[in-house]
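The structure is shown first.

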Amino acid sequence: MMCPLCCSDDKKVIDSRPFGTYRRRRYQCAACGHKWNTIEITREEYDEITKEAANALQMGI
Ligand SMILES: [Zn+2]
């Protein structure tokens, strides 16, 4: 993914650790120094989360 601040593709992973059942990565942009986190989930987990969110919306939660 690109830097969310300057859209540079020149970045490095500075940290990677388990986050629950997911995996969290911390990136730093080589161009502007901006740091950000991503959480990696499987497609199945994504589908499950969006399904739960859609159900919650329908129930007005
Ligand atoms: Zn940047």
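The model is predicted: local features need pLDDT of at least 70, side-chain atom pairs count only at pLDDT 80 or more, and totals for chains, interfaces and linings use all residues. Residue numbers start from 1 along each chain as its sequence is written.

Helices (H or I, at least four residues) and strands (E, at least two) are DSSP runs, numbered from the N terminus.

| Property of the chain | Value |
|---|---|
| Box of C-alpha atoms along the principal axes | roughly 45 × 25 × 15 Å |
| Buried residues | 3% of the 61 residues |

A residue is buried if 20 or more other C-beta atoms, placed from the backbone, lie within 10 Å of its own, exposed if 12 or fewer, and partly exposed in between.

Helix α1 covers residues 43-58 and reaches 22 Å from its first C-alpha to its last, close to the 22 Å expected at 1.5 Å a residue; that expected span is 1.5 Å times one less than the number of residues. Among the 16 residues of α1, the count of buried ones is zero. Alanine 54 lies in α1 and counts as exposed because it has 10 C-beta neighbours inside 10 Å. Glycine 60, which follows α1, has a positive phi near 75°.
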